[in-house]
Amino acid sequence: MRVYNTLKRQVEEFKPLSDNTVKIYTCGPTVYHYVHIGNLRTFIFEDFLEKALNFLGYRVIRVMNITDVGHLTSDSDEGDDKMELGANREGKNVWDIAEFYINAFKKDMDELNCKIPDLLPRATDHIKEMIELIRVLEEKGYTYRTSDGIYYDTSKFADYHKLMGKANMDGIKEGARIEFNKEKKNPTDFALWKFSPTDVKRQMEWDSPWGKGFPGWHIECSAMSMKYLGETLDIHCGGIDHIQVHHTNEIAQSEAATGKNFANYWMHAEFLVLQNNEKMSKSADNFLTLSVIKDKGFLPVEYRYFCALAHYRKQLEFSFSGLESAKNGYRHLKNSVEEIVEKADPSKIQAVNTENIYYKNFVAALSNDLNIPSALSILWDAIRDKNLSYEERLSLVSEFDRVLSFDLIKKTEESISDEIYELVRKRDNFKKNKDYKNADEIRDIIKQKGYIVEDTPKGTKVKKI
Ligand code: AMP
Ligand code: ZN
């Protein structure tokens, strides 16, 4: 697979650290409100990525944090904590707010057919790990104290600009000067630990070696990713808004603490914008949620389809008329697949033929920097190809939908499960590599599960015993 690595500013060959296991960290939602459809665009991109990697034969371990403390309204460590603000807005306890919006987020993910990541650690459950990491940074001389917290001295980290590039770094300095906290040594310095204010009582605060307070936003991702994925991970994802501050700071603090590369590949989704290039943001009044979309008569999966029409590195403009076109496209696709399902003879359905040109093109599209729009058009081409039998088309659709997750085939009790198809695919790969011992072992496992595989000139066939 080739992916665009923000760190190198180029598309490059993806190589995981160990064999075929890929460790991914994805920045999750700040749970002071519903997630908006811009956040969901990024989460859908990450879901496509995870499933594409699975499709290409990798095992993925994915962590997504839940930010339930420390994310302030301004990126320059000023302003209110968004969580406390959310609690005040709704007149509720901050912990209840977090619980409520975590559940709402999981429901959205579920409705969009996004797999919930393997681990969803909450920042407030990892205060100890964050304090420990700050202590290491302090010992190594990267921190200093101001009247409102413990700060990271970015001038001590030589490669501070490496994710955003030098050109952008100059812009950042200029911009940051406007709201430059005078106690900071450098405009880009950021808070690792903030002291609780003396005039108002915070609902969330903890004791620390430096005084009562709460962690900065960036330290949570470093602490949690290192706890669950080790000091170096394979891929770190998020939206492009995180490149200049959040991810740059994650790199600075993690690499200063460990002396190792924090993440080998950084993949960023472009923004979903409203018409006139307006940015969508939870704190402004213009944010659209999945509920709004459903209330207007769209299915969540139609929003997923809408997102699949644009490459993740292209800005995507949202409009209800655009969503309407996506809905029509989706319903047409669904009807075409239903017709194929009706006409296909279940007893003749075969495991997908990996030598099939559509299959190969689909793999190539995924491998080409996760080109989902191209993968989708290959699905369409396969569906329309009258030279393929209905059974062949059905197995391609079923296979491709493992990545696309458009609910294209309603599962019946009779149909062959994804698990069996996955085993058949693995066996085919072993056979291709002339590893007949492993291929035969998998054939036996399939048999134990009640199916037999036959090798035919048209590919592998699988039948219920
Ligand atoms: P937040 O809750 O603000 O930390 O955002 C959660 C994720 O959504 C992050 O990866 C952000 O980069 C991403 N994100 C925020 N706004 C947008 C947007 N308008 N379009 C796409 N992704 C976004
Ligand atoms: Zn993060």
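Helices α12 and α13 lie roughly antiparallel to each other, a label for angles over 145 degrees. Helices here are DSSP runs of H or I with at least four residues, strands are runs of E with at least two, and both are numbered from the N terminus. This is a predicted model, where local features need pLDDT of at least 70 and side-chain atom pairs count only at pLDDT 80 or more. Residues are numbered from 1 along each chain as its sequence is written.

Back to that helix pair: the angle is about 165° and the axes sit 10 Å apart. Axes are lines fitted to C-alpha atoms, for helices over the stretch in contact, and angles run from 0 to 180 degrees between N-to-C directions. Who touches whom? On the α12 side there are Ile372, Ile378, Leu379, Ala382 and Ile383, and they meet α13 residues including Arg393, Leu396 and Phe400. Contact means heavy atoms within 4.5 Å.

Now for the sheet. It's an open one with 4 strands, in the order β4-β3-β9-β10, with parallel pairing; two strands pair if DSSP finds at least two bridges between them. β4 and β10 stand at the edges with a single partner strand each, so one side of each has no neighbour in the sheet. On average, neighbouring strands are turned by 25° against each other, direction ignored. Helix α1 packs on this sheet, touching β3, β4, β9 and β10, and its direction makes about 160° with that of β4.

| Helix | Residues |
|---|---|
| α12 | residues 372-384 |
| α13 | residues 390-404 |
| α1 | residues 37-55 |

Finally, β9 and β10 run parallel, joined by 6 bridges.

Terms used: Chains lettered and ligands numbered in written order. Heavy atoms only, no water. Parallel < 35°, antiparallel > 145°, perpendicular 65-115°, else oblique.
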